Amino acid sequence: MYLAACIEWLFAAEHQSFPDRIHAAKAAGLKAVEFHLWRDKPLDDVRRALDETGVRLTSMVVEPRRSLVDPAQHDEFLAAVRDSLQAAKEAGAQALVVASGFTRPEVSRQEQHAIAVGVLKRAAALAEQAGIPLVLEPLNTRVEHPGMFLDSTAEGLDMVEEVGSPNLRLLYDMYHSTVMGEDPAQVLAGRFHLVGHVQVADVPGRHQPGSGTVDWARYIGILRELGYTGAVGLEYKPQGPTLETLATARAALSL
Ligand SMILES: O=C(O)C(=O)CO
């Protein structure tokens, strides 16, 4: 396992520019970074900073964000996937993050689930052509994303399984999962092969691991037992200077 700094938040107080944040991540001994939206980033400069430092870009987000559970938005969603795949190629990103969009209360949950799986199959075919996988992220509806359709790891894993493509995996964000009251050992048991990326932040507050109540020795132990060797995205809001929070996070995660 290796750490990836979410430079949307890490190094943001210290450096205005994203390329500078990549250099700061390198100087802090990190092998990878990630960020959210890409249209507001100078992708050429980002690519140059990645090439100069050898730092990997684990993920960025498909945008503009459109709903998976509303067929009226599917054409725009697939266009966003196409554009984002092209941008990911140019920036050198390893994966693209997709979220579900908001629940439509007038439509049954089962039907919305099926609608999402249908469009994800089409998106996974585009990802296959581009050679860059998509990762589907369940988000918590208790603190940050009230009304979001996909707020459960188990249902996200069901969707990934139903799509049945190696080009769609689950983004397991331990913060969102914990806020939703899930236990990683339970929700991941027997299904970890469907997970493509992991992110962390402590609960409560979404700050650096070590700032809250999560038992990180246990959480990271579970990932180790499941055989995870990929990136652990530090998607937290630093409570203080980034380097100090990184030291706390590294000690808590033993990574
Ligand atoms: O929007 C969020 O809360 C995320 O976790 C994005 O990855």
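The model is predicted: local features need pLDDT of at least 70 and side-chain atom pairs count only at pLDDT 80 or more, whereas totals for chains, interfaces and linings use all residues. Residues are numbered from 1 along each chain as its sequence is written, and side-chain values use heavy atoms, leaving out hydrogens and water.

Helices (H or I, at least four residues) and strands (E, at least two) are DSSP runs, numbered from the N terminus.

**Helix α8.** Next, select residues 216-225, where Trp216, Tyr219, Ile220, Ile222 and Leu223 are buried. Seen down the axis of α8, these buried residues fall within an arc of 150 degrees (taken from the directions from the helix axis to the C-beta atoms), so they line one face of the helix. Ala217 and Glu225, on the other side of α8, are exposed. Buried means under 20% relative accessible area and exposed over 50%, with a 1.4 Å probe and protein chains only. Just after α8, select glycine 227, which takes a positive phi of about 90 degrees.

**The ligand.** Finally, display the residues surrounding the ligand (a heavy atom within 4 Å): Glu137, Leu139, His145, Asp173, His176, Gln199, Arg206 and Glu235. A polar side-chain atom of glutamate 137 lies 2.8 Å from a ligand oxygen atom. For histidine 176, a side-chain N or O atom is 2.8 Å from an oxygen atom of the ligand.

Conventions: Polar contact = N/O pair within 3.5 Å; in protein donor to acceptor, adjacent residues only side chain to side chain.
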